[in-house]
Amino acid sequence: MATILIAGGTGMIGSRLSELLSIEGHQVLHLSRTKDLEATYPAYQWDLDKGTIDASAIEQADYIINLAGAGIADKPWTENRKKAIIESRTQSNWLLLQAVQAAKNPPKAFIAGAAIGIYGDRGDTLLTEESSPGNTGFLAESCILWESAINEWNKTAIRTVGIRIGLVLANEGGALPKMKMSLPVGVAPYFGDGQQWYSWIHIDDVCRIFIHAIENDTLSGYYNGVAPNPLRNKALMQVLLKVKGKGITVPAPAFALKIAMGEMAEVVLSSARVSSDKIQDTGFTFNYETAEAAFKALI
């Protein structure tokens with residue numbers, strides 16, 4: 001079994017990934033702002049602002065996973081918040097790279113979280129890993145800079161994998177708790193005209209993609225972390241209501257969203273119809289191929 005060091009291990013994906021890796025018998029270590037070697041997952045200290053990292057954590061790691069990054073939709077997109085979103089992603093990848101380059105025992109592979117936001121708002125176009133990045137909007141802009149930092153790892157001999165994560169369905173955070181908020185009164189809102197594509201994935205499947213990338217040394221480069229059946233926003237909400245057994249969908253007009261959310265309305269109004277073919281071609285199989293199966297498992 002392997003020793004796996006996770007940056008961002010206490011976040012929504014990192015927490016579940018740590019659990020699944022432990023179940024498989026792997027030793028899981030975390031990087032954290034505070035050191036706590038007695039925690040369930042021993043935590044070693046790092047500090048992005050100071051550019052420091054506990055070298056002993058790097059030396060132990062057979063694999064490093066980076067899921068660190070400030071939440072995209074947690075706070076309004078002020079200029080300072082945008083800066084924090086970008087720098088938390090770019091600096092974490094650079095700091096890990098510097099630490100690995102100084103290590104006596106480099107890891108076998110580096111697996112980095114990325115996001116389908118790199119494709120931008122692309123309407124009905126089916127997007128693959130070969131598709132060009134989007135050329136407008138903060139999501140695409142930030143993801144391009146994010147991946148430029150990940151790409152620095154290609155200068156090493158270390159196998160490097162990037163997982164472009166879609167809309168993660170989980171009860172512990174992300175979009176689903178917000179999607180369920182109005183269900184007790186029988187209402188599920190969709191955004192704008194509801195025709196924008198949402199490329200979703202069950203949290204366990206996205207974690208399993210990371211594990212697949214660890215266990216299969218033929219994987220390198222970028223892979224979309226999305227389920228095989230994306231849905232338009234309105235259709236996704238209709239499936240959620242079907243699983244709950246009651247309710248109606250109602251529109252949240254785009255102009256109102258832009259007034260309420262400002263530039264951050266891009267998060268819910270952008271359309272990205274993203275393909276999962278490449279990861280499936282490596283032998284990966286999804287436990288939750290449809291939104292109905294995912295919602296039934298979560299609700």
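The model is predicted, with local features requiring pLDDT of at least 70, side-chain atom pairs counted only at pLDDT 80 or more, and totals for chains, interfaces and linings using all residues. Residues are numbered from 1 along each chain as its sequence is written, and side-chain values use heavy atoms, with hydrogens and water left out.

Helices (DSSP runs of H or I, at least four residues) and strands (runs of E, at least two) are numbered from the N terminus. Buried residues (under 20% relative accessible area, 1.4 Å probe, protein chains only) of H1 are Ile 13, Gly 14, Leu 17, Ser 18, Leu 20 and Leu 21. Their cover includes strands S1 (3-7) and S2 (27-32) and helix H6 (203-215). Gly 25, which follows H1, has a positive phi near 100 degrees.

Helix H4 (residues 138-151) comprises 14 residues and reaches 20 Å from first to last C-alpha, close to the expected 20 Å. Among its buried residues are Phe 138, Trp 146 and Ile 150.

Helices H7 (residues 233-244) and H11 (residues 291-298) pack at about 45 degrees, their axes (lines fitted to C-alpha atoms over the stretch in contact, with angles from 0 to 180 degrees between N-to-C directions) being 9 Å apart. The contact (heavy atoms within 4.5 Å) involves Leu 236, Val 239, Leu 240, Lys 242 and Val 243 of H7 and Ala 291, Glu 292, Phe 295 and Lys 296 of H11.

Definitions and conventions:
Buried means under 20% relative accessible area, exposed over 50%, partly exposed in between (1.4 Å probe, protein chains only). The expected span of a helix is 1.5 Å times one less than its number of residues.
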